[in-house]
Amino acid sequence: MTNSIDKNITGNATPAKLQTKLSTTEKVALSLKKRHQKERRFRNTGFSAVLFGFMLVVILIGDITTKALPAFHQHWVKLDVNYQSDWLSVDANLSGYELTQQLKTANFRKVLRNSLYPMFVNEQTPKLSRKDKRSAFKLFSSNAEFTIRDALLAAPEDLNETVSIWVRLDDDVDSYLKEGFAFGTAGLRIDEQQAQWVAKLEQEQRIESRFNTSFFTASDSREPELAGIKGALMGTLLTMFVTLLLSFPLGVAGALYLEEFAPKNRLTDIIEININNLAAVPSIVFGLLGLAVIINLFGLPRSAPLVGGIVLTLMTLPTIIIASRAAIKAVPPSIREAALGLGASKMQVTLSHVLPQAMPGIITGGIIGIAQALGETAPLLMIGMVAFIVDVPTSIADSATVLPVQIFLWADSPERAFLAKTSAAILVLLTLLLVINTTATVLRSKFEKK
Amino acid sequence: MNKMMTSALTKAVFGLSVSTVALLSSVTNAQGNSRDTITAVGSSTVYPFSTVVAERFGKNTDFKTPKIESTGTGGGMKLFCASNAIDTPDLANASRRMKKSEFDMCAKNGVTSITEVLVGYDGIVVANSNTASAMKVTRKELFLALAKDVPAKDGSEKLIANPYRVWSDINPTLPANKIEVLGPPPTSGTRDAFAELVLEAGCKKYAWIKAIKKQNKSKYKEICHSVREDHAYIEAGENDNLIVQKLTANPKAFGIFGFSFLDQNNDMLQGSIIDGQGPAFDAIADGSYPVSRPLYFYVKNAHVGKVPGILAFLKEYTSEAAMGEEGYLTDKGLIPLGEVKLAKVRNNVLSLTPLALNK
């Protein structure tokens, strides 16, 4: 028995003869080096675990950021647009309201085509073939005709004038310019002819790279050069608003009742087990519930942030209740007893002593729940929020989608330029999370100061 | 935190919940009998095309931009056929024709008048990185490479667990690389179409398997549609831009996806030549590329006139500028119908000819 203890302390290499001669202090001193070594190893393991995790986060964010960068700038091209009224097929004698009405449905595609072909002709090719016309037209964003329409609607006096207007280049040309192909050579869905045209436009200083504001001000589009996150961001904010509004009060009220008022019996035990269980239910199940009950039974609109918020509330409630109960439980009983002893009612004790003490923990729980809800797509699929929605939602009953869904939809799109958009949207989502977490930390430290 | 703050907080929280509940009920009431946005549900394969039309429609007209949900063909049909009520979708996208069972489900729920719109065709490609050489393969060889059970090598009429590890095991002219194919999961319509158009077509080449079809249809289907589960076929995203990166990183791997994906990434990927024909635009359009399927959408005629803009939307969708030979949908990878067929489809659609399914 003693022998085995010795072995443990000194290691098993020491000969038995030597052991008998050593005193306890000496034995300890002998083993000290080894024990320190062990401790260092233990500490280093922990440190490298943290380092490893941190490294992964850095790689992830680095990768996303480098992929996202092209999405933040955009190439524009200057066109000399000739607003001839006979190309537009509008009556030049009109003015005011009648003119505007005619211009709204005028043939701007013809104006665009006729304005851009002269840029591509020279002595050798005075006239473009049909195929050339087609490939020249493809250099420009399909939105260009709407850009020039809006420009004329804003300034109707430009009718029958030639005006310089900046329009977006097509996403293929944009990617070609961004990905650094040798100039004037074919690449990425651009043939040689088109590459030479782009080089010519560049020489004439008609091409300019600008910060892509439309990424933040536009809604979803199937053209990568036009797509933005405003719609999804608004949808996320509206959905989170509903979620927060419903889940936080409900969760805290539930937790308070269960901890402070509920009798301890079989029923409350069953409720507790159920809440813990619900926290582990796959989120798509809540989507099914939302479809069956909230949409089909109560008749709320599909794809609305309201319904999304309710479904996500169901999902986050267990998290909030569990965290809040833990925080309430952690308030020392002495505080309750002292307040009760001074004659406070149960409600006064709960509201003015227990709740403030538990608030930091409750807020942490709420934030974890909201952060979870922020990244959810699966339950939203069932209630119709995985959809192509162009109009920006303004109320919680409008059709909307949310950021993670937008990321999912863009990742599914065949156009190459959506790769950058996907990463950029991820960055925005991460930023939003960071903002929420920072707010939570600030709030918590405010509540902790008493 | 002092008492006043707490009670103020409690009141605020209470007030907010009350107002939410009030809001909830008001929304329910406001959801009356009208809707001003066209809604569509259904296939994620038709989604990229319908969304382009929807976006243009929103910009070109005074109607609101239609809302297109990506729910999958089957899920979309369920929603579409639920009833004629105004809160059900007006359109359903489908990457295959409506099944008889779905048609009956619709009829049972009162959705009796449906217009079918044939949008165009979509090719399914087996592609790899263009740093490797393109593969020439037959559908029979693809069946042998990817099926769960294959006929025994000795020619006897017996099924054995797929023994092939490298392509050259199947046919010595194929590369001596490990069989590694990234493809869509079983939930996907692309997978169904691939199983039907490639695996079953290859499978049928064995006369004795074809003979099973007459005796036991479900057994035949099990043999011909089952995909191997020993990691030679890897389930990846259906249409996912990550698949391009995966294939570029591993030139020995192949991917299965829609033609529009290959079309958008043709500087990095190349399609395999199947039964002597590569997946080129024209080859799919004239039907000489064997792996292509029709894409549809369905219109609930009862909603025309109730939801503004449905007819105008159909007109835009079937216009020459969209579905035509040089329409903007072909830029997105849709294989067009051809002039005669398009004119016929357009006529049918604009007169809202109801669909009748007999088989």
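**A helix, then the chains**

Mentor: In chain B, helix α3 (residues 73-80) has B:Thr73, B:Gly76, B:Met77 and B:Phe80 buried. Buried means 20 or more other C-beta atoms within 10 Å of a residue's own, exposed means 12 or fewer, and partly exposed is in between, with C-beta atoms placed from the backbone. Helices (H or I, at least four residues) and strands (E, at least two) are DSSP runs, numbered from the N terminus.

Trainee: Before I go on, what am I looking at, and how is it numbered?
Mentor: This is a predicted model, in which local features need pLDDT of at least 70 and side-chain atom pairs count only at pLDDT 80 or more, while totals for chains, interfaces and linings use all residues. Residues are numbered from 1 along each chain as its sequence is written, and chains are lettered from A and ligands numbered from 1 in the order in which they are written.

Trainee: OK. Which domains does chain B have?
Mentor: Domain 1 is 39-121 + 294-350 and domain 2 is 123-292. The bounds come from an automatic or database domain assignment. The C-alpha centres of the two domains of chain B are 30 Å apart. Their contact takes 13 residues from domain 1 of chain B and 16 residues from domain 2 of chain B.

Trainee: What sort of residues are on the domain 1 side of that contact in chain B?
Mentor: Four nonpolar, seven polar and two charged. Nonpolar covers Ala, Val, Leu, Ile, Met, Phe, Trp, Tyr, Cys and Pro, charged covers Asp, Glu, Lys and Arg, and the others, Gly among them, are polar.

Trainee: Let me pick a residue. Where is B:Asn301?
Mentor: B:Asn301 is in the loop between β13 and α13 (310-317) of chain B.

Trainee: Buried or exposed, or in between?
Mentor: B:Asn301 is partly exposed, because 19 other C-beta atoms lie within 10 Å. Leaving aside neighbours within four places in sequence, B:Asn301 is in contact with B:Ser113, B:Ile114, B:Thr115, B:Leu352 and B:Pro354.

Trainee: Switching to chain A. What secondary structure does chain A have?
Mentor: Chain A has 20 helices and four strands. For chain B the count is 16 helices and 13 strands.

Trainee: What radius of gyration does chain A have, against a compact globule?
Mentor: Chain A has 33 Å, whereas a compact globule of 450 residues would be near 22 Å. The radius is taken over C-alpha atoms, and the globule rule is 2.2 Å times the number of residues to the power 0.38. The C-alpha trace of chain A spans about 105 × 70 × 40 Å along its principal axes.

Trainee: And how is chain A divided?
Mentor: Into domain 1 (2-68), domain 2 (73-217) and domain 3 (230-448). The C-alpha centres of domain 1 and domain 3 of chain A are 43 Å apart. Four residues from domain 1 of chain A and six residues from domain 3 of chain A make up the contact.

Definitions and conventions. Two residues are in contact if their C-beta atoms, placed from the backbone, lie within 7 Å.
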